[in-house]
Amino acid sequence: MIRIDQLTFERGEQRLFDQCSLRINPSQSVGLVGRNGAGKSTLFALLLGEAEASSGSVTLPEHWRVQHMAQEVDASDRRAIDFVIDGDERLRELEAALVAADADNDAEAMGSLHAALADHDAYTAEARAGTILHGLGFRSEDFDKPQRSFSGGWRIRLSLAQALMCPADLLLLDEPTNHLDLEATIWLEEHLRRYPGTLLIIAHDREFLDAVTDHTLHLSQHKLTLYSGNYSAFEAQRIAALEQNAAQFAKQQREVAHLDQFIRRFRAKATKAKQVQSRIKALERMDRVVLMQQESPYRIEFPNADQFSNPLLTLDGLALGYAQHRVLNNVKASVLPGDRLGVLGENGAGKSTLLKAVVGDLAPQDGDIVRGRHAHIGYFAQHQLETLDRRDTPLISFQQQHQMSEQKARDTLGCWGFSKTLCERRIEKLSGGEKARLVLALIAQDRPGILVLDEPTNHLDLDMREALALALQSYDGALLLVSHDRTLLERCVDAYWLVADGHLHTRTNGLDAYTRDVRKQRLGSSEPKASVQSDGGSNAAQRRRQAAAARKALKPLRDKQKKLEQELDRLQKSLKAVESRLADPDVYHSLPADELDALLKEAGKLRQATDAAEHDWLAVSEELESADSG
């Protein structure tokens with residue numbers, strides 16, 4: 001087991017751990033959580049022997065093999081698949097020994113080494129590495145590319161693949177989902193669920209932690225506390241502990257106040273000297289209850305634009321791509337004020353291409369993008385973190401971009417978690433999470449009508465993700481969100497665009513259904529294909545009859561669903577036409593009062609009819625889904 005005994009660790013004047021002790025048993029899957037800067041990565045360094053405790057100890061069993069995910073790796077000409085297999089150092093040692101034995105013509109050693117390689121499952125290594133690479137979003141044609149040819153985020157994926165390739169008793173993963181899309185995150189969940197060793201993960205994705213971990217290690221106020229259960233279980237226990245702590249603190253404060261009052265009142269009276277001294281000693285002996293921190297350091301918001309065009313954005317028959325390579329065809333969609341759209345799709349399907357076109361960074365190869373007059377876009381993408389002037393400070397950057405007073409800039413940055421020290425620190429010295437918060441703060445201050453956020457939660461801690469979700473819920477403009485954080489998607493998104501097969505599709509059956517589809521596609525059916533092929537003809541015929549009967553029974557429901565879809569489409573088009581007229585200032589101001597009133601009433605009726613049709617459609621769809629799953 002992992003033993004931590006009376007651990008104290010200090011970096012300069014900063015204390016990260018103070019007299020911490022705990023045990024982590026073999027095969028436990030532990031999520032390590034806490035605010036950025038609390039010391040999570042330092043604990044990993046202590047476990048890896050890369051840092052030394054100020055006092056106390058961190059010990060592992062001597063025979064344990066420890067593997068971790070490297071955050072920074074030198075560029076290499078190694079093929080991607082070879083780079084991943086390199087993670088299994090024992091395999092590479094056996095292979096090198098075999099080459100040496102072959103050169104020495106040592107038949108006995110070669111026989112032993114071949115047996116050792118077989119025991120090590122060496123002859124399936126390339127297949128296993130390929131499975132991991134596919135799961136993390138690499139295509140087969142990527143396997144032979146040199147590692148240096150990949151961008152920074154993809155190199156991190158290769159480092160993750162290398163860590164997963166190596167047999168280990170203890171696996172340490174620091175933010176493994178940061179550079180993954182949703183599909184790769186789902187695959188990683190399933191892979192880690194089957195991991196037999198001890199697993200420690202630093203992550204800020206609630207759904208991911210809930211799916212993978214069975215214990216939660218919380219780092220707060222220089223203390224380590226191990227909770228049984230996944231993140232949701234920890235959160236419930238943490239809330240209960242906070243409530244109990246607050247009650248204990250209040251009770252003790254009342255007792256302290258009562259003792260203080262007695263001491264002040266009777267200190268000067270000789271007849272009460274003995275009682276006064278008794279109460280002074282009682283105060284000195286009292287084991288003071290420390291109030292646990294529970295408030296988020298963030299108080300963020302996205303101020304609304306003064307005006308919104310309606311529609312904000314119309315995509316009319318877009319064809320998107322690069323040079324001769326076409327990525328998307330015939331994209332038709334509109335974005336209205338208040339729309340909450342999650343953009344889904346496998347890596348390489350064209351999500352980023354679509355967002356680049358929306359924000360104006362990519363010209364369409366065909367079709368039109370019509371932007372409303374009041375449709376300013378706020379765009380967040382990872383590459384923007386590197387466009388900040390590294391020599392500036394957040395304070396200077398904010399003042400220059402928004403021409404505001406120093407105090408106003410400090411107050412605004414303070415809401416985004418920037419202390420006086422952080423405000424005055426050069427941007428090149430900021431962490432990834434701090435840079436991301438700065439870019440989001442700069443965007444928010446622009447008061448955009450449309451927020452386009454491409455993986456905004458990378459490097460953000462759980463408190464900041466919570467604050468971001470709350471701020472987006474209060475934002476009245478339109479939101480286009482790409483994220484592997486399902487909690488953020490579920491809390492902030494009402495509908496989904498799916499980018500797949502060169503087209504843009506609208507999904508109406510929610511994120512859970514999409515997640516199930518991804519699992520089926522990535523992991524295959526739970527039933528082996530061979531069992532279907534080996535059945536006798538009579539069984540196959542019986543299954544066909546059962547399937548036909550099921551289809552016939554569900555036909556009325558499917559017909560009803562199709563009619564409702566057609567009706568919903570008709571109503572939406574009619575409503576869009578009326579709203580477009582109302583959004584035109586010339587029409588709005590030139591219509592006679594009675595005609596304008598009639599148009600407004602028509603819009604209201606269409607909205608009610610649309611809501612009713614959508615409600616009926618959802619009810620039928622749920623009934624169908626329930627019947628299909630049954």
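## A guided reading of the predicted model

G87 lies in the loop that connects helix α2 (80-85) to helix α3. Is G87 buried or exposed? With a relative accessibility of 4%, G87 counts as buried, because residues under 20% are placed in that class. If neighbours within four places in sequence are set aside, G87 is in contact with Q67, Q162 and C166. P146 stands 59 residues from G87 along the chain, and the C-alpha atoms of these two residues are separated by 16 Å.

The chain as a whole may now be considered. The protein chain contains 22 helices and 18 strands. Its C-alpha trace spans about 90 × 90 × 55 Å along the principal axes. Of the 630 residues in the protein chain, 45% are buried.

From the loop of G87 the reader may proceed to helix α3. Helix α3 (residues 89-103) packs with helix α4 (residues 107-119), their axes being 9 Å apart and the angle about 160°. The two helices α3 and α4 are therefore roughly antiparallel to each other, since an angle over 145 degrees falls in that class. Their crossing is left-handed. On the side of α3, the contact is made by L91, L94, E95, A97, L98, A101 and D102, while α4 contributes A109, M110, L113, H114, A116 and L117. By class, the residues of this contact comprise 10 nonpolar, one polar and two charged.

The crossing of α12 and α13 is right-handed. Here P394, L395, F398 and Q399 of α12 meet E406, A409, R410, T412 and L413 of α13. This contact has five nonpolar, two polar and two charged residues.

The next subject is a sheet. In what order do its six strands lie? The order is β14-β15-β16-β12-β17-β18; the sheet is open and its pairing is mixed. At the edges are β14 (377-380) and β18 (503-507), each of which pairs on one side only. From one strand to the next, the twist averages 20°. In general, the strands of a sheet pair through backbone hydrogen bonds, either parallel or antiparallel.

Both senses of pairing can be followed here. Strand β12 (residues 340-344) pairs in the parallel sense with strand β16 (residues 478-482) over three bridges, and R340 stands opposite L479 in β16. Strand β12 pairs with β17 in the parallel sense as well, over four bridges, with V343 opposite W497 in β17. By contrast, β17 and β18 run antiparallel and are joined by five bridges; in this pair L498 stands opposite H505 in β18. The hairpin of β17 and β18 has two residues between the strands, and D501 there takes a positive phi near 55°. Strand β17 is mostly covered, five of its six residues being buried.

Helix α11 (residues 351-359) lies across β12, β14, β15 (450-454), β16, β17 (495-500) and β18, and runs at about 150° to β15. Which residues of α11 are buried? They are K351, T353, L354, L355, A357, V358 and V359, that is, seven of the nine residues in this mostly covered helix. After α11 comes G360, which has a positive phi near 95°.

T457 is placed between β15 and α16 (462-473). Its relative accessibility is 0%, and T457 therefore counts as buried. Apart from residues up to four places away in sequence, T457 touches R465, L468, S483, D485 and L488.

Notes
Residues numbered from 1 in each chain as written. Predicted model: local features only at pLDDT ≥ 70, side-chain atom pairs only at ≥ 80, totals over all residues. Heavy atoms only, no water. Pairing = 2+ DSSP bridges. Axes fitted to C-alpha atoms, helices over the stretch in contact; angles between N-to-C directions. Contact = heavy atoms within 4.5 Å. Buried < 20%, exposed > 50% of the residue type's maximum accessible area, 1.4 Å probe, protein only. Parallel < 35°, antiparallel > 145°, perpendicular 65-115°, else oblique. Left-handed = near helix turned anticlockwise from the far one by under 90°. Nonpolar A, V, L, I, M, F, W, Y, C, P; charged D, E, K, R; others polar.
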